[in-house]
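How do the parts of a chain meet, and what does the surface between them consist of? Please look at the sequence and the structure below with that in mind.

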Amino acid sequence: MARLGIDFGTSNTGAGILRDGRPAALPLEAGAQTLPTAVFVDFTDKRFVYGEAAARAMMEGQDGRFMRGLKSILGTPLAREKRRFLNERMTLIEVIGRFLAEIRCRSERITGQSFEAAISGRPVRFHSESEDKDAQAEIDLREAYALAGFRAVDFLPEPEAAALAVAGEGRMLIVDIGGGTSDFTLCERARGQTRVIASRGLRLGGTDFDRSLSLAHVMPLLGHGAEIGAELGAKTHAAPRALFHDLASWEKIAFVYDAALLREVKRWIRLARDPVLFERLAEVLEMHLGHDIAYAVEAGKIAANDSERGEIALDVVQRGLRIDLWGVQLQHELSSAAARIGDMALATLKDGGCRPDQVDMVVFVGGSSQLSGVRQALARRLPEARQETAEVFTAVVHGLAFAAR
Ligand SMILES: Nc1ncnc2c1ncn2[C@@H]1O[C@H](COP(=O)(O)OP(=O)(O)OP(=O)(O)O)[C@@H](O)[C@H]1O
Ligand SMILES: [Mg+2]
């Protein structure tokens, strides 16, 4: 039974096999080794669309429902709620099943092989605050693989998969900071063999950084924190926080659009001291602009990190509406998250009975490991270790390809 290695990520998904003894990430999308973990349910053509095409359909404003970051709902009640998609009532586990089936189909088309089994990555902890939710998340994902037509699936912690694929020898700490989780593996590599010493995980990643940036910079422009008056009397109250929280969370955006809520927001326009804010909010809900905002925040974050100055461009909400985001400001706003990541790295060393000065190398994996605040947090705690960067987006899938053999 041929096994396919699958790195089902919060933001990006990859599939890999061994070719002539070397791991290869399959080109699931033209010219790319990964595809966005995104699904678009197209209401006009009555079909499901995946990856870049899904993101494009959403950006073009086609009629349908866009979902990204669905890995984050595994293990939560949201995963098993039935919702109507086209003419079927379906859970989000079934939607993930369809996405994984698409990965299997594309991989079979590319390789000419048929894959009945999968070896899948999983975060060390889907949920770091609850054992039960963590266990449930794996049950949910296993079910999605079964729905995708895989007769068997094994799981390997993502940083342990990456540890199989990184170059070099010695004692290393793999630090994989992705879209949804931060994962750590302390391991020893000698003569091409990897011995895992300890692993830890934290439910914290790029989508959380996007949420906090959105809540701080964008949501206030839509009425977050603003006062709404009462129909009668002089009392005021703030708009419900949960709405802004959901609108700033990748995995929840698809489910905030609701006719009753929109009516309520239109009432707030009448009662608010600053109606412009709620007028914008109504526009965002009516035109389904939540994901456009999330993409703008993510792009602003990446630009601020990579070139010191970024901006969150919100022209889609209002022409010319832009928010400057400086690199130093980004570092400051994400500093407590970076500190939690650094502390979890130290806890992993402690589990392995290893002092920071006994680590030869810190190896960064995952898109969010490129954040300079994260690098500095690790450098401060392991000043003697060399910092290396693996293939950030493909190290895990390469390791899974080795494991699939
Ligand atoms: N240059 C960059 N600077 C900061 N963040 C970045 C950069 N490039 C990508 N990211 C972030 O990296 C994240 C995606 O990384 P990655 O593809 O490794 O995650 P994933 O594997 O899908 O998620 P997970 O493993 O947590 O399930 C996104 O949140 C994205 O915004
Ligand atoms: Mg990942």
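The paragraphs that follow go from the domains to the contact between them.

The model shown here is a predicted one, and the domain assignment of its chain gives two segments, 3–166 and 392–404, to domain 1, while domain 2 takes in residues 207–333. Taken over C-alpha atoms, the centres of domain 1 and domain 2 are separated by 29 Å. Domain 1 brings 15 residues to the contact, and domain 2 brings ten residues.

The size of an interface is often expressed as the accessible area that is lost when the parts come together. Between domain 1 and domain 2 the buried area is about 1100 Å², and carbon and sulfur atoms give 64% of that area.

Turning to specific interactions, the count between domain 1 and domain 2 is one salt bridge. R68 forms a salt bridge with E298, and the closest N and O atoms of this pair lie 3.8 Å apart, a distance that falls within the 4 Å cut-off used for a salt bridge. One residue pair is found in polar contact across the interface of domain 1 and domain 2, with both residues at pLDDT 80 or more.

On the side of domain 1 that touches domain 2, helix 1 (51–59) and strand 7 (64–68) each supply at least two residues, and strand 7 gives the most, with four residues.

Notes: Residues are numbered from 1 along each chain as its sequence is written. Chains are lettered from A and ligands numbered from 1 in the order in which they are written. This is a predicted model: local features need pLDDT of at least 70, side-chain atom pairs count only at pLDDT 80 or more; totals for chains, interfaces and linings use all residues. Side-chain values use heavy atoms; hydrogens and water are left out. Domain bounds come from an automatic or database domain assignment. Contact means heavy atoms within 4.5 Å. Buried area is the accessible area (1.4 Å probe) that two parts lose on being put together, summed over both. A salt bridge is a side-chain nitrogen of Lys or Arg within 4 Å of a carboxyl oxygen of Asp or Glu. A polar contact is a pair of N or O atoms within 3.5 Å; within protein, one must be able to donate a hydrogen and the other to accept it, and residues adjacent in sequence count only if both atoms are side-chain atoms.
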